[in-house]
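Here is a short report on aromatic rings and surface in a predicted model. Look at the structure first, then read on.

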Amino acid sequence: MLKTTSLLHIICNSSRISYTKGMERDFEFSPKGLADGFIKSWPIAVGVFTYGLVFGLLSSDAGLSLFDAVAMCVIVFAGAAQLIAMGIWIHPLPIWTIIFTTLAINLRYVLEGAALEPHFRGLKKWQSYLTLFFMNDESWALSLSRFKRGAKDKAFMLGSGLAVLVAWTSSTVVGQIWLAGVADSSKWGLDFALTAVFLSMLVSMWRGKSDIAPCIVAGIVAVAAERLLPGTWYILLGALAGACTTLFGRRKKHV
Amino acid sequence: MFSNTETGVVIFGMAVVTYLTRASGFYLVSRVKVSGKLEAFLNAIPGTVLVSLVAPVVLADGPAESIASLAVVLTAWKSRNLPLAMVVGIVTVWVLRRFIG
C-alpha cells in the first residue's frame with residue numbers, strides 16, 4: 001500500500017507535466033500495450049496472489065460461498081476493502097456499515113484517479129473509464145511511474161489491472177477451496193489473522209506525526225462505542241471522530 | 001448464484017461505491033479544487049477506519065491479543081511484509097492463549 005504523502009507528491013508532479021506537454025498526440029491505446037502491461041505486472045501479481053489466499057480463507061470463514069467470493073473479486077475488486085468487509089460479515093449483514101467502510105477504505109482511489117487524469121487526456125472516454133474500473137494500488141503505481149517517464153501506450157495500465165484481477169480472483173479460489181476449513185480458527189489463532197492484516201495495513205499507511213491524533217481519538221471512540229452501542233456503529237463513529245481531529249487545532253504542517 | 005439476496009445486495013453496493021471512488025477523482029480533478037482541510041480529512045479516513053476496526057480487539061480483548069498486536073506492528077514496521085506480520089501475529093496469539101488464556 002502506498003503512503004498518502006507520496007500520492008500527493010505524484011499528483012502535484014503529474015499535473016505539472018501535463019501542462020507543459022501541450023497538444024501533440026503523444027499517446028496511444030493498443031493491444032500491444034495491453035499485453036505489455038499484463039506481462040510486466042507479474043511481480044505485483046505474485047504479491048497480490050498472497051493476499052488473495054488470505055481473502056479466500058477469511059471469506060470462507062465468514063460464510064461466503066465460492067460464487068459470492070469470486071463475484072466480489074470480479075465486480076468490487078478492492079483487496080483492502082474486501083478483507084475488511086470480512087471482519088464485519090455477520091448475519092444479519094450490517095449493509096450500510098459494510099458499504100460505508102468500503103467507501104472509506106477506497107477513498108484513496110479518488111486521489112489515485114486524480115493523479116492519473118493528466119496522463120489520460122486525449123484518450124476516448126470509454127478507454128479511460130474502463131481502465132479506471134481495474135485501477136488498483138499496485139497497477140496504478142507501476143503504470144504511473146512509466147507514464148511519468150514518457151511511456152506513450154496508456155493501455156499498459158488496463159493490461160496491468162487485468163493481470164492483478166486474474167491473480168486476485170484465482171488466489172481467492174485457491175484459498176477458498178484448499179485453505180478453508182483447515183481447522184477451528186480460534187483454536188489455531190486464525191481468528192486473529194484479520195486483526196493482524198489490518199494492523200499491518202495501518203503500519204504501511206502510517207504517514208507520521210499527523211496521524212497520531214486521529215488514530216488515538218478513533219481508538220478511544222471505537223472502544224467506547226463498541227461497549228455502549230449495538231452492532232458495528234463503532235467503526236463509523238470511531239473513523240469519523242478520528243478524522244474530525246484534522247479539522248480542529250493547530251494549522252497542519254506539511255501533510 | 002449468490003448464497004442469499006442480502007449477500008448479493010451488499011456485494012453490488014460495494015461494487016457501486018468502489019467504482020464511484022475510482023472514477024470520481026479522475027472526473028473531478030479538472031473541475032473542482034479540493035480545499036486543504038477536506039483533503040486532510042479524507043486522507044485521515046482510511047487510517048481511522050482501520051484503528052476503529054482493530055481497537056476493541058487490540059485494547060480490550062485480553063493480554064494475548066494486545067501483546068500479539070504489538071508483535072504484528074513491530075514485524076510489519078521492520079519487514080514491510082504483510083503475510084509475514086500476519087503469521088507472526090497468529091503464532092504469537094496461539095502461543096500466548098495456551099499460557100495466559
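A:Phe133 is partly exposed, because its relative accessibility is 23%. Here buried means under 20% relative accessible area, exposed means over 50%, and partly exposed lies in between (1.4 Å probe, protein chains only).

This is a predicted model: local features need pLDDT of at least 70, side-chain atom pairs count only at pLDDT 80 or more, and totals for chains, interfaces and linings use all residues. Residues are numbered from 1 along each chain as its sequence is written, chains are lettered from A and ligands numbered from 1 in the order in which they are written, and side-chain values use heavy atoms, with hydrogens and water left out.

**Aromatic rings**

Rings of Phe, Tyr and Trp (its six-membered ring) pair if their centres lie within 6.5 Å; planes under 30 degrees apart count as stacked, over 60 as edge-to-face and the rest as tilted. How many aromatic pairs does this rule give over all chains? The count is eight. In one of them, the ring centres of A:Phe133 and B:Tyr19 are 6.0 Å apart and the planes stand at 35°, so this pair is tilted. The pair joins two chains, because A:Phe133 lies in helix α8 (residues 125–133) of chain A and B:Tyr19 in helix α1 (residues 5–28) of chain B. Helices (H or I, at least four residues) and strands (E, at least two) are DSSP runs, numbered from the N terminus. B:Tyr19 is partly exposed too, at 25% relative accessibility.

Ring pairs also link a cluster of A:Phe120, A:Tyr129, A:Phe147 and B:Phe26.

**Charges over rings**

A charge sits over a ring if NZ of Lys or CZ of Arg is within 6 Å of the ring centre and within 35 degrees of the ring normal.

| Lysine | Ring | Distance from ring centre |
|---|---|---|
| A:Lys154 | A:Phe147 | 4.5 Å |
| B:Lys78 | B:Trp77 | 4.5 Å |

**Chain B and its surface**

Chain B has four helices and zero strands. Of its 101 residues, 48% count as buried. Its accessible surface (Shrake-Rupley method, 1.4 Å probe) comes to about 5100 Å², and 71% of that belongs to carbon and sulfur atoms.

Which residues make the nonpolar surface patch of about 540 Å²? They are B:Ile67, B:Val87, B:Val91, B:Val95, B:Phe99 and B:Ile100. Helix α4 (residues 82–100) of chain B gives the most, with five residues. B:Val95 is found in this helix. B:Val95 is partly exposed, with a relative accessible area of 31%. Nonpolar side chains (Val, Leu, Ile, Met, Phe, Trp, Tyr) are joined within 5 Å, like charges within 9 Å.

Notes:
Patch = residues over 30% accessible without salt bridge, like charges linked within 9 Å, V, L, I, M, F, W, Y side chains within 5 Å. Salt bridge = Lys/Arg side-chain N within 4 Å of Asp/Glu carboxyl O.
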